[in-house]
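This report walks through a protein structure from its sheet to its aromatic rings. Please look at the sequence and the model first, and keep both in view while reading.

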Amino acid sequence: MRGGRGDRPGRLAPRRGDRRQRPVAGRAPRDRADRPAVREGRARVHPADDMIPELIRGVLAEPPPSSLFAIGFRPEEEAAVRELAPGGVVDLDAAEEPADHGGSGTVAVLARTFTDLRRAASLAALLPKAARHVVAVAVSSADRPFLPASVPGSLSFQARRGKAGEWVVEIAFAGPRPVGESVAALVRGQGGHRLRPVPGPRVALAGPGASHWRPGDPGATPTTPRGPLGNPDGPPPADVVLRTSPDPGEWSDPRVEIVIDRPSSGGGTLYEMDAVPPVDERSVNPTGFVTDPKLGDAVLTLVGDRWCVRAGSDDLVLFPESGAVTDADVDRLRQVRAVTVDWGTGARPLATARVVAGLAAAGVPLRAEQVPPWAMALGGDLTAALIATADMADDLRREEHSVRLRRAALRGHSTEARWRSLALAAGLPVPPRPTASVVLCTRRPEFLGFALGQIAAQRDVDLEVVLTLHGIPADLPEVKAAVTAFDRPFTVVEVPADVPFGVALNLGVARASGRYVAKWDDDDWYGPDFLADMLLASGYSGAELVGCHAQFVYLGQIDLTIYRKARSELMGRWISGGTFVMERPVLDAVGGFPPVPRHVDAALVDLLTAAGGRTYGAHSLGYALHRRAAGHTWNQPVTYFLRAAARQWRGRRFSSFITPERFPLPAIGDVR
């Protein structure tokens with residue numbers, strides 16, 4: 001639903017009997033003939049008549065809510081939403097002032113997608129109190145995980161999911177409770193058990209669609225364009241005000257001096273990345289990427305004032321005028337092999353930057369022959385990734401192209417990146433970037449130069465190394481030479497040879513100072529972006545443990561590289577132990593690595609799963625497993641790997657992200 005209509009843009013629309021609120025859109029429902037036309041012969045993206053699933057209709061019918069707040073619905077869908085509440089629907093995107101009704105009745109919050117529900121959480125302070133809460137998401141993939149979270153103090157809690165993926169949660173309390181608390185709890189539930197605060201300063205939001213700038217932040221303070229914030233005699237609840245109103249006027253609250261004005265429409269000249277609303281990386285991200293899609297190519301093109309992804313005669317996704325991308329939009333594009341950007345003429349720079357950055361952050365394989373100067377706000381890295389040449393018919397090359405796009409978009413256009421940049425520009429303090437402690441536990445001094453060279457090559461990450469020497473002395477010439485050549489923070493831990501492997505790892509972790517702990521194998525290959533990619537995945541997935549599957553395996557005995565097909569970017573326990581990355585408190589919470597001599601990795605995943613933690617497998621293109629005849633804690637014959645090979649090459653040949661010739665292996669045994 002579009003905000004900013006009426007006499008005062010962003011004002012909560014008046015309900016019957018309340019002059020401060022008005023029904024959504026401020027006009028009578030459209031007849032079907034008045035809805036935007038869809039070209040003859042082209043499939044409608046989401047027929048407006050089918051916008052609200054029967055599951056949601058049934059829950060909202062008995063008893064009907066006294067108030068229905070909706071967010072994210074598009075103009076052609078508004079009539080279907082209005083039918084759910086004859087007394088009027090409040091457009092949450094247009095809200096400025098808190099609602100003051102609900103009481104002992106039912107208040108419902110209906111979001112078009114989960115991305116929209118996250119924006120509703122940022123407007124939680126505008127929602128009223130009620131004794132019965134209904135929170136629903138109308139459009140969601142049936143494959144997308146649904147993790148309902150209980151709400152403290154509730155008498156009853158019922159969560160249901162429909163066949164198409166839509167879901168509804170009903171919560172009852174003994175008396176009126178803030179509906180915003182339930183929305184915030186459900187949004188947190190989708191993020192798992194980790195504490196995931198929104199980065200950056202405390203923010204007040206004013207104007208239509210301002211929540212796009214701060215999705216998933218229940219601590220955000222909705223306000224009017226001129227203020228003030230809350231009690232003018234108390235401490236300010238925000239450090240900065242972000243306004244999207246077309247004519248906001250002068251800010252009136254002297255307690256908050258930093259006011260950022262940003263455009264709310266898709267027009268105007270646009271050159272800076274910080275002028276573009278960020279991508280909500282917690283909902284629009286590579287999760288669910290399909291490595292072997294079933295559909296062919298598509299085109300991102302303009303249809304009137306809106307961007308659309310079109311495949312042949314079908315319109316797969318029709319984006320809103322703002323260009324905002326949601327999780328449901330991405331789900332509909334997962335089976336498309338590649339999307340070519342047709343810049344056209346008359347495109348709005350802001351909407352264009354939003355839709356391209358959003359699709360790129362999700363890993364949708366976009367490509368363009370060139371990027372026009374008016375799209376400079378995409379940034380240099382994303383522009384370079386868009387125009388890079390890639391063979392989209394080859395699944396591996398296509399995935400490599402996708403990874404380059406998502407890296408550039410997530411590093412430049414995510415919520416975290418945007419607010420870090422805005423805070424720095426405003427002179428506000430920003431937290432330091434997370435540090436990683438790479439724990440390298442080895443019995444093989446001859447592999448130290450090989451392993452430490454790859455760790456030193458890691459980029460876009462602050463790291464230290466904790467070298468745990470398992471039964472080898474620190475004064476060996478190989479150890480001294482490798483340590484001397486390493487130019488990053490370094491700690492050496494000597495552990496007796498008879499100590500179990502898991503205990504040795506824990507002794508190394510005890511000396512680590514980073515926020516994240518990364519387990520590193522001494523004989524495998526890692527691309528220079530491996531660790532940075534894992535930290536990105538930790539952020540957008542919300543999983544307690546991230547890593548990747550070993551799709552590339554070099555079999556040293558027969559000098560052969562194999563490639564194993566496997567899904568990536570999804571929750572699942574089958575990741576390689578040499579790629580484990582987790583926050584230090586998570587590892588401490590499960591008691592560290594199990595104190596066993598073998599199968600440490602599988603045992604740790606078991607502990608984490610039993611404790612309710614989740615494991616996420618990111619893309620595997622920055623890692624290659626090295627198998628030799630002996631010397632592994634997990635031993636499998638060569639035939640085990642050959643049976644699983646989808647492709648194979650003589651010698652060492654991995655993805656383009658790894659250059660094995662840069663780090664030569666020691667010439668021992670079956671290592672060639």
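Two strands count as paired if DSSP finds at least two bridges between them, and strands (E, at least two residues) and helices (H or I, at least four residues) are DSSP runs numbered from the N terminus. The model is a predicted one, in which local features need pLDDT of at least 70 and side-chain atom pairs count only at pLDDT 80 or more, whereas totals for chains, interfaces and linings use all residues. Residues are numbered from 1 along each chain as its sequence is written, and side-chain values use heavy atoms, with hydrogens and water left out.

**The sheet**

Strand 1 (residues 67–71) is joined to strand 2 by three bridges, and these two strands run parallel. Within this pairing, phenylalanine 69 stands opposite valine 90 of strand 2. Strand 1 is also joined to strand 3 by five bridges, again in the parallel sense, and here leucine 68 has alanine 108 of strand 3 as its bridge partner. Strand 3 pairs in turn with strand 4 over seven bridges, also parallel, and alanine 111 stands opposite valine 137 in strand 4. Between strand 3 and strand 4 the chain passes through helix 3 (residues 114–122), and this β-α-β crossover is right-handed, a term that applies if, with the strands pointing away from the viewer, the path from the first strand over the helix to the second runs clockwise.

These strands belong to an open sheet of six strands with the order 2-1-3-4-6-5 and mixed pairing. Its edge strands are strand 2 (89–91) and strand 5 (156–161), each of which pairs on one side only. On average, neighbouring strands of this sheet are turned by 20° against each other, direction ignored; such angles are taken between axes, which are lines fitted to C-alpha atoms (for helices over the stretch in contact), and run from 0 to 180 degrees between N-to-C directions. Helix 1 (residues 54–61) packs on the sheet and touches strand 3 (103–111), strand 4 (129–137), strand 5 and strand 6 (167–178), while its direction makes about 170° with that of strand 4. Contact here means heavy atoms within 4.5 Å.

**Aromatic rings**

A search of the whole structure finds 15 aromatic pairs. Rings of Phe, Tyr and Trp (its six-membered ring) pair if their centres lie within 6.5 Å, and planes under 30 degrees apart count as stacked, over 60 as edge-to-face and the rest as tilted. Two pairs are set out below.

| Pair | Centre to centre | Angle between planes | Kind |
|---|---|---|---|
| Phenylalanine 486 and phenylalanine 490 | 5.3 Å | 65° | edge-to-face |
| Phenylalanine 530 and tyrosine 623 | 6.4 Å | 40° | tilted |

Phenylalanine 530 lies in helix 13 (residues 530–541) and tyrosine 623 in strand 27 (residues 623–627), so the pair ties together parts that are 93 residues apart in sequence. Both phenylalanine 530 and tyrosine 623 are buried, where buried means under 20% relative accessible area, exposed over 50%, and partly exposed in between (1.4 Å probe, protein chains only). Phenylalanine 486 is buried as well, with a relative accessible area of 9%, whereas phenylalanine 490 is partly exposed at 23%. One aromatic cluster is formed by Phe447, Phe450, Trp525, Phe552, Tyr554, Tyr563, Trp649 and Phe654.

**A loop residue**

Alanine 393 lies in the loop between helix 7 (380–387) and helix 8 (395–413). With a relative accessible area of 63%, alanine 393 is exposed.
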